Amino acid sequence: MDEKLDKKVARRDFLKASALAGAVLLGPGIPFITRRASAKEGVVKYGTMHPLTGPYSALGADQVNATRLAVEEWNAKGGILGRKIEWVHRDDQLNGAVALRRAKELLEEEKCDFIGGTLSGAISLAINEFACKNKTPYLAYCMSDMVLGADQCKYGFAFMMIPYSAALATSKYAFEKLGKKWFAITADYRWGHSLLEGWMWQSQQMGAQFLGNVYAPLGTTDFSTYFTKIMAAKPEVLVMNNLGADQTAAIKQLSELGLTKQMKIVCTKTAMATIKEVGAAYDENVMGGMSFYWGLKDKYPASKKFIEAYMKKFGQPVEQDGETGYVATNVILMAMQKANTVTDKEKIVAAMEGLNYTLTKGPESVRACDHQRVQSYVLVKGKGTKAKGWDLADIVAEIPGESIIMSCADNAKKLPFANIKLPK
Amino acid sequence: MKQATDKKAMLTDVEPKPRATIVWGTALVLVALPFVISVPLSTEILIWTIFGLGFNLLLGYTGVLSFGHAAYFGLGAYSAGLAIKYWQVDILTGIAVGVVASMLLACFIGALAIRRRGVYFAMISLAFGQMLYFTALSPLKEITRGEDGLTHIMATVNLFSVSLDKPKHLYYFVLAITVVMLYLTWRILQSPFGKMLQAFRENEERAKACGYNTTLVKFFSLVLSGLYGGLAGALNTLYLGYVPLTSLFWLTSGTIVMMTVLGGRGTFLGPLVGVAVFLFLQNTISLFTPRWELFVGAIFVVIILIFPGGIMGTLREKYLSRKMVKLQNKAADFQ
Amino acid sequence: MISDIPLNVILMQLFFGLALGSIFVIMASGLSIIYGLLDVVNFAHGAFAMLGAYVVFCAVSLSGNFAVGIVSAIVIVALIGALVEVVLLKPLYGKDPLLPLLLTFGLAVAIPDVIKIAFGLIGKAVAYPAAFSGATKVGPLILSNYRMFIIVFTLAVLISLWIFLKKSDLGMIIRAATQDSLMVQVLGINTSRIWTIGFALGVGLAALAGAIAVPMMSATPDMGVEMTMGAFVVTVVGGLGSLGGAIVGGLLIGVIVAFTALVAGEYSNVAMYFCMAVILLIRPRGLFGESGRE
């Protein structure tokens, strides 16, 4: 009797377990078996990667939104040369390995005609190399060195800035208006170093006085341990060559000691998310650079149009990372229109080179020699406790793009920054 | 208590006789894989499976949890990448360099920490893994290129004079190595060494009392596991043509733990099934929501609570208990 | 190198190091209590700290009072911890000792996403409490008021914890159960409830660490990871399951990180792990670990 019961129970358990295992295996498997998208006729396919998980997911989400807006606007107008634009996006987890797998899938499986996205300059270098090998246009949405030196590639286009450009813009303003004695906190990886190089060069050009620098590892949460050095140096300008949570922690802790009142804090690159996370400590003594701030809507009709469309759809203004994606998507589609082809990649690339457009700010262009978007850099200062909702900062200056980018010949050799000797 | 031991003894009696068919059968399925799912995903499944086989040897068969396995994976990836980039060695030598480097690291960590108790070893290995990560990030950035990762490693992937640049060609190259590793794992498990590992996992004290040097065996198991990790890392370098810094990050360690536990610790096919299911889940859920980590984490918690044996472990247990009931019935009939 | 640096700089660095170490101490004490009592390495410790930070954000937004924030962080997260222990961890006792660790790892992966859904992707700022903002000049030193508060507050927490464990009935039962839970059970005490209380106490401490850290770094969903790592290193250095080890280890690591930052900033993260490796080489069970438990 007992054994029979046992047997029944065992069988039932076994069936349940198998059903569960089957469900686990098959459930997610179905889209996989059907996921093989063949290159459809009459469609242009664009694939992008964004960090939708991890510490920068807020910026990744903006990239997705803005790209969606651009694609939907074009499709509403009837697509490109009679074809609909099909867009797919993937989570790259801010992880180079995942990003490269995504890129491979987008190209080899989804048969995308061109790819874009990414928020990390490091990842953009790897994707750029991959896209180059596969002769596919790649539109980077992030600050990247990929247009410099050996990384220059016929198919890679950079739509934010070269890191040094951001440094040249902020440093020029800081040395002119805020003071010439400066000290820097630099995130210890290539992007941070590139910014520091820009500051050092500008400092030499303008005769500013460099008092010192500390390298803080990426992901530092306690900056107080660096403050002793800074307090001893007594700079007029304290430069932040870092991002995200690092920048937030640094500014908050500077305010804790009242240092934000004793010196001007200049963030070479900042973000609305960071200003929100810092809160009241991001006051008028803290200045930051952005390639786009929604306050530009009062200056340019194009900005107004873009911001209004974006806010109508997503209910909040866009970060610079999203704006970059919007421009990138628009520019390649405009290039297709100009070249009158959606398939001939060589012609599309040629049409993008030197393309002039006005989309979100004043008139801009994509430089033919190194595929860098030449755009202005916006400097903002915080509003402290007066910040409300998304009204987070006041624009203090807009530095024109031509003044902060080196010549084609220099960029090809990474000059003059390759000659800058960084402090130990 | 006694009943439980009896039950266990009976279980081992009804356990199917091991045959290598499982290796060849699996190989056959894997040959067809890139025709069913995407080639990059298939390749990644193979690479993680190799990593998982080694990890399972340590966690599933020896009962040692390492939470810093990214160290072996990452070191293998970097060593292979550096050797190919700077010494221009062929890919097989590059792989060998990666494997040897990871085994040496495993020897070092093993010598330092393998004597520690289970959870202690988990924390120590995690901390060592992070130490390697931060070392590659900042102090060694001249060599590792820090956050950028190692790019421009090779223009083309060639095995002797055969080009492996086509995704499918590289897949079958990795598959050949995977099958070798599957077979090797199977042989290890059938060998006296493999039996010894499992004896320790079941009851370390008893094994000690029988005069075995448990520390030494655990040490060898760790080094073997390092070999698999290094190999997987080196293959990942060939597959990506790039070494991301994240290969050393603790999340890589966490991922292989989740995959192995999901598939079934201490089962031969557990790692393969776990890797496949994990990547399926990750890919599929992230198509619908960016919050896929919530689902993967929750599924993992449920597996731990209800099916601690993982998918293959639970299936195996059910199969065995069913078979045992049959045997019992037979015995009852006989009486 | 150190000899070139003026004394006041060294003293200030020491001060910053102790403040940093204090947060490590609170994190690691919680981890140690949980491990000592339940034999569980709580991988979700940082995630609970992050929850604490978000509770502070909510409480301060509602009440405007930082003290209310700290208290509610401890209470609410401790309750969540108790729930987690009863529902998720209890079924695993007596099974494979690695299962609870893996379970908490799963929680550490899932919990940040819950917060992202509830509070959005952008972190939340919490201002320094008005009473402790600014800095005080002490001789040649400029000391942050908030960090002085952290050091004193940590000291107070540790003393009350010590009194609780040494003098109160419950504390004595907890200590006894840490030594030998079977014996405690034989004496007719409900050890199951003691475990729940112990786990709640441990994650309550994690929440406290998150709560006092939040004005300095803002609450973000992914802040827990680094906090877990730091707590692990401290616990390994101090000795797993030892409260004294957590205190000494935490302060030691804090000071080491501070001085590395002064001399060679880019090594400050590695220094912590390097220190751990060295201690393991010299004294495998950690500074205060009991032999036989490692």
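This is a predicted model: local features need pLDDT of at least 70, side-chain atom pairs count only at pLDDT 80 or more; totals for chains, interfaces and linings use all residues.
**Core.** I started with the largest nonpolar core, which has 358 residues; Ala127(B), Met27(C), Ala53(C), Val56(C), Ala207(C), Ala209(C) and Val233(C) touch the most other members. A nonpolar core here is a set of buried Ala, Val, Leu, Ile, Met, Phe, Trp, Tyr and Cys residues joined through C-beta atoms within 7 Å. Buried means that 20 or more other C-beta atoms lie within 10 Å of a residue's own, with C-beta atoms placed from the backbone. Helix α1 (residues 7–38) of chain C gives the most to this core, 18 residues. At least three residues come from each of domain 1 (43–161 + 299–374) and domain 2 (164–290 + 377–419) of chain A; the domain bounds come from an automatic or database assignment.

Residues are numbered from 1 along each chain as its sequence is written, and chains are lettered from A and ligands numbered from 1 in the order in which they are written.

**Met27(C).** What does Met27(C) contact, leaving aside its neighbours within four places in sequence? I found His45(C), Ala49(C), Ala206(C), Ala209(C), Met227(C), Gly230(C) and Ala231(C). Contact means C-beta atoms, placed from the backbone, within 7 Å.

**A against C.** I then looked up where chain A meets chain C: 34 residues of chain A contact 34 residues of chain C. On the chain A side, α8(A) gives the most, with seven residues. That side divides into 16 nonpolar, 11 polar and seven charged residues. (Ala, Val, Leu, Ile, Met, Phe, Trp, Tyr, Cys and Pro count as nonpolar, Asp, Glu, Lys and Arg as charged, the others, Gly among them, as polar.) Helices (H or I, at least four residues) and strands (E, at least two) are DSSP runs, numbered from the N terminus.

**Sheet in chain A.** Seven strands form an open, mixed sheet in the order β7-β6-β8-β9-β10-β14-β15. β7 and β15 (393–399) of chain A are at the edges with a single partner strand each, so one side of each lacks a neighbour in the sheet. Strands pair if DSSP finds at least two bridges between them. Five bridges join β6 (residues 181–187) to β8 (residues 237–241) of chain A, running parallel, and Phe183(A) stands opposite Leu238(A) in β8(A). Helix α7 (residues 190–206) of chain A packs on the sheet, touching β6, β7 and β8 of chain A.

Conventions
Two residues are in contact if their C-beta atoms, placed from the backbone, lie within 7 Å. A residue is buried if 20 or more other C-beta atoms lie within 10 Å of its own, exposed if 12 or fewer, and partly exposed in between; C-beta atoms are placed from the backbone. Axes are lines fitted to C-alpha atoms, for helices over the stretch in contact, and angles run from 0 to 180 degrees between N-to-C directions.
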